[in-house]
Amino acid sequence: MRESAINAIQTLTEVDAGFQNVEIGTELPDIHLTYRGLRIEALFTRNVLGLSLTTRVPECNVLRAGSVAEKAFAYRCIDHVCVTCAGVRARFDPVSGELVLAVESAGFDRQFRADTLIDVALFMLEEGVMAARAYLGLPFTEAARPSVTQWQGGFHYGEGFNVYPTASDAFAVFMRKKYQAEELRRDATSILLASGPLRFDVRFFGWRFGYMVETGTRGFRHAVTDDGRYVRIQERLSQSVRDPGNAGDSGWNFRDPGGSAIAYFRRDGTFVVGEYGFGNAKTEENGAAFERVATRHLLNMRYLTFLAEEFPEDLYSDAVNRPN
């Protein structure tokens, strides 16, 4: 059976005793529930075509940080979570300042065995919370990894009878055929693609149905080790970026509460922006989901270029950070 994320979540709340304190809205059937001690929010509009499960870590609050060092410590919690828990999105609520963690994807559509994907997303979310608590020096437990039987059959996206062993492979083929991307190389965890001057990795995380497309830049490396410059970069990432050549551009925000971009710094200072997705076996609807994820990431890359051009050299420099 194929279901949207919102329908799968509603079904699980009815049959799984692990979902407690379930509240479903009347005007819009937004869902709030407690799962393994976490308060989870699933907004209806974000779970019809896409996927969005969010929770909060109130102990990490950037608005309560007084000094630059405290702000840098809070922002580095985002980096720690995203590095430790692949596919988890982290940002600060612009109103309350609380750390918000999410598993979000622009493309989900109707999936075969969608309940299994929701189980995995909830595990990823719990894992993210525990990583944040560990970073903050708070008590934490290991997230309960779901028992998932990897179903048989390959992945495809509606282009005939061709099937691929993982969603990452299928997404990479989609990018090659739809966007004329060229495969440069691959290893056990990623496929590097190029489309003109653009480079992006399609990453594989162990689940056959999970994938992430991402792009990294070394241009911030000289700045992020300094708390003051690092905080300035992070604060700018929370604001809209606009096309300087288009006065009517509505802008793009990497930390948009309504978005799905995963944006963080690796430990070596490389800035990464990407999109997470779930592919599914036995359904031709992957194509529509892949298209939404790809479109979002191409916009990430476009606005990352504008942002890099806007920053002064003390914050972003390709020349300073060029590898030897």
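Start by selecting helix H4, where ten of the 13 residues are buried, so the helix is largely enclosed by the rest of the structure; buried here means under 20% relative accessible area, exposed means over 50%, and partly exposed lies in between, with a 1.4 Å probe and protein chains only. The model is predicted, so local features need pLDDT of at least 70 and side-chain atom pairs count only at pLDDT 80 or more, while totals for chains, interfaces and linings use all residues. Residues are numbered from 1 along each chain as its sequence is written, and side-chain values use heavy atoms, with hydrogens and water left out.

**Helix H4 and its surroundings**

H4 covers residues 167–179 and reaches 17 Å from its first C-alpha to its last, close to the 18 Å expected at 1.5 Å a residue; the expected span is 1.5 Å times one less than the number of residues. Helices (H or I, at least four residues) and strands (E, at least two) are DSSP runs, numbered from the N terminus. Colour the buried residues of H4, which are Ala167, Ser168, Asp169, Ala170, Phe171, Ala172, Val173, Phe174, Met175 and Tyr179. Then show what covers them, which includes strands E9 (182–186), E10 (190–195), E11 (198–204) and E12 (210–217), together with helix H7 (286–310). At the end of the helix, select Gln180, which follows H4 and has a positive phi near 55°.

**Two residues around H4**

His156 sits in the loop between H3 and H4 and is buried, with a relative accessible area of 15%.

Next select Ser190, which belongs to strand E10 and is buried at a relative accessible area of 14%. Apart from neighbours within four places in sequence, Ser190 is in contact with Arg185, Asp201, Val202 and Arg203, where contact means heavy atoms within 4.5 Å.

**Helix H7: Arg302**

Move to helix H7 and select Arg302, which is partly exposed with a relative accessible area of 38%. If Leu99 is displayed as well, the C-alpha to C-alpha distance from Arg302 is 26 Å, for a sequence separation of 203 residues.

**Helices H1 and H3**

Two packed helices are described by the angle between their axes and the distance between the axes. Select H1 (residues 5–15) and H3 (residues 114–136), which pack at an angle of about 80° with their axes 9 Å apart; the axes are lines fitted to C-alpha atoms, for helices over the stretch in contact, and angles run from 0 to 180 degrees between N-to-C directions. H1 and H3 are therefore roughly perpendicular to each other, given that angles of 65 to 115 degrees count as roughly perpendicular, under 35 as roughly parallel, over 145 as roughly antiparallel and the rest as oblique. At this contact, Ala5, Ala8, Ile9 and Leu12 of H1 meet Ala114, Asp115, Ile118 and Asp119 of H3. By class, the contact has six nonpolar, no polar and two charged residues, with Ala, Val, Leu, Ile, Met, Phe, Trp, Tyr, Cys and Pro counted as nonpolar, Asp, Glu, Lys and Arg as charged, and the others, Gly among them, as polar.

Staying on H3, 17 of its 23 residues are buried, so this helix too is largely enclosed by the rest of the structure. Its end C-alpha atoms are 33 Å apart, in agreement with the 33 Å that 23 residues should span at 1.5 Å a residue. Just after H3, look at Gly137, which takes a positive phi of about 80°.

Rings of Phe, Tyr and Trp (its six-membered ring) pair if their centres lie within 6.5 Å, and planes under 30 degrees apart count as stacked, over 60 as edge-to-face and the rest as tilted. By this rule there are 20 aromatic pairs. One of them joins Phe220 and Phe265 edge-to-face, at 5.6 Å centre to centre and 85° between the planes. Phe220 lies in the loop between E12 and helix H5 (221–224) and Phe265 in strand E13 (residues 262–265), so that the pair links distant parts of the chain, 45 residues apart. Both Phe220 and Phe265 are buried.

**Two loops with positive phi**

Finish with Arg36, in the loop between strand E3 (31–35) and strand E4 (38–42), where phi is positive at about 50° although the residue is not a glycine; Arg36 counts as partly exposed at 44% relative accessibility. Asp109, in the loop between strand E7 (98–105) and strand E8 (111–112), also is not a glycine and has a positive phi near 55°, but Asp109 is buried, with a relative accessible area of 8%.
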